Amino acid sequence: MCGICGTFALTGELSPPVAHAIGPMTTALRHRGPDGDGFSVTPFSALGHRRLAIIDRVGGAQPMSNEDGTVWIAFNGEIYNHRELRPFLMAKGHTFRTHSDTEAIIHAFEEFGPACVDRLEGMFSFAIVDQRRRELFIARDRLGKKPLYYALFDGVLHFASEIKALQRSPAWDGALDLSGLEGYLSLGYFMAPHTIYRHVRELEPGHWLRVRNGAVETHQYWDVTDFDSFSGSDARGLEETEELLERCVRERLESEVPLGAFLSGGIDSGLVVSYMAAAVDRVVTTSVGFGERAHNELETAAMTARQFRTDHHPHLIEPALAQVFDAIVDGFDQPFADASALPTYYVSRAARQHVTVALSGDGGDEAFGGYDFRYVPHAVEARVRAFVPRLFQVALRQAGAWWPVSPSLPRPLRLGTYLENVGRSAEEAYYSDLCFLKPQAARALLGIRQGRDPRDSPVYEAVTAPYRRCPSASAVQRAQYADLKVYLPNDVLTKVDRMSMQNSLEVRAPLLDRRLVELAFRLPERVKLPNLRAKHILKQIAAKRLTPELLTQPKRGFTAPLGEWIGKVYAGQFEAEVLRAGSSVSGLLDIKRVRATFADHVAGRADAGYAMWAIWMLERWASRQQTPLNAERSGASERQPVHAPDGPGRSY
């Protein structure tokens, strides 16, 4: 795992200040690669690389060139099939000088051009400069595990693994775009390909970008296109999943440095550890938990550790936000409000004390129908909606809007969301459930019209586009596909990459191998969720490999007790930073509404922990960046049209 950055002049040559900026740009990524740096500079291009040495630690330094030094690459990630590609490329006449997976990419590019990405199995973002043709080619892996941002400043394309590297260029333009602020408050992130910066874009998963003849073009090279087509028996579907999952874990065990795994109390990480234990002598595992029982899976993680006799390192975390707050804020380069970033940071920091590479269980829910608090109700709503007359749907939507909301209300009586969702279209219900904070609540905090229609959100079309274009007749398949295109890359994978890289730790996710993902979507809903049993296939596999006690444990999210912290331990600090006169957010939000919501949260009349955390992260980010947010509010409606990208929770 590494960090990459660079500049490429569309025409002419790089100015000396921009060319010389490759040093500071690369240094900004040191946390992603503390083992060394490297540069490649031509009159019209510059590549920078920070290395976390894992494979071919001696010979794999970057940037790396082809045999005659005319094509150069800077690469971040791992290619798991590089050893299979090597003899094929050698037969085509290419000469290898190292054992690095990086060299397989550069020769594949020479042989296949942009189509080289179709041959690569792994996680990656890379940049290739072809000096002979004066072309730049950058690409990102299919699911978006590795990040890549770009911006065009003064006729020079800048790109980097993180935005902070772009900021080191003398051409940097940090004008903000706050038109996605409502989306941020609702979802917890700014929706890619856009960022909070007007001129910075994120290259979307499964896309490449090329600069040639002075023009910039982007292209989508991968997508899930095959749904519900598996024709074998249910038993065969289970067998193929089991075989492929084992292969995906084994492929991710190549390393010249210590390797281990994150271990929670769930079956996804438990399955990963079980396959690792069958392949290596001893597995190093790391778990974290908070004192509050709802946010602590240490006991169940210990069950798995004992079963497979891992070298286990549990960590109980006490609230010490001041020690990590700035590191977390700085890691994202723009506001990011998913509170699970906290435990992800902690588990990454703990794991890095013992290993350099960790496997995780990320992806099992999105691919195999987990999230029973979202996918199962979504399926039920779809079935009920089919029998509800359209006029009656309006009445249900209105009834849901008036239904009482209170944390003290028994769960069976929290029917407001269910009634509203049945009265909406399927994609509207999906968007509403995806939001950590309902759109009407986000609008209230912004001091704008408090309509309940999710379609009024400025990011609604972009978020729901994949749901609408998915050809499956299954509402669950459509929701999972939309999560794969929206929630997973914007939230989960962003969180894991930034928090692990803040600690110079590489994380590999076997359950997000594209072959496993494609198989999962070929399996119809009746196979993945028979009788609405969430994550049925993975549970069947787990029944063969994990202890029965583990299978009966209730699912807990990988979260932090921020609601309790903000309402008690850190209430004073929140008030001092966010509610003070002249705070950065005071000109963006209805501060009276924020104050009233905070008071309700402290008094226990409402659970506004997420909303307060999202606002606090926005305030802290602006403070760290020394960015005046208030002056940007007036330009918030000037955003260019959003182009749709190729566990949030639900409340009742």
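Serine 360 is buried in this predicted model, because its relative accessibility is 3% (buried meaning under 20% relative accessible area with a 1.4 Å probe, protein chains only). The residue lies in the loop between β16 (357-359) and α12 (364-368), where helices are DSSP runs of H or I with at least four residues and strands are runs of E with at least two, numbered from the N terminus. Beyond its neighbours within four places in sequence, serine 360 is in contact (heavy atoms within 4.5 Å) with residues including Phe262, Val272 and Arg508. The model is predicted, with local features requiring pLDDT of at least 70 and side-chain atom pairs pLDDT 80 or more, while totals for chains, interfaces and linings use all residues. Residues are numbered from 1 along each chain as its sequence is written, and side-chain values use heavy atoms, without hydrogens and water.

Helix α19 (residues 475-485) packs with two helices. The axes of α16 (residues 426-434) and α19 come within 11 Å and cross at roughly 50°, which means that α16 is oblique to α19; axes are lines fitted to C-alpha atoms, for helices over the stretch in contact, and angles run from 0 to 180 degrees between N-to-C directions. Ala426, Tyr430 and Leu434 of α16 meet Arg478, Ala479, Ala482 and Asp483 of α19.

Between α19 and α21 (residues 514-522), the angle is about 160° and the axes are 11 Å apart, so the two helices are roughly antiparallel (angles under 35 degrees count as roughly parallel, over 145 as roughly antiparallel, 65 to 115 as roughly perpendicular and the rest as oblique). Here Gln477, Gln480, Tyr481 and Leu484 of α19 meet Val517, Ala520 and Phe521 of α21.

How values were computed:
Buried means under 20% relative accessible area, exposed over 50%, partly exposed in between (1.4 Å probe, protein chains only).
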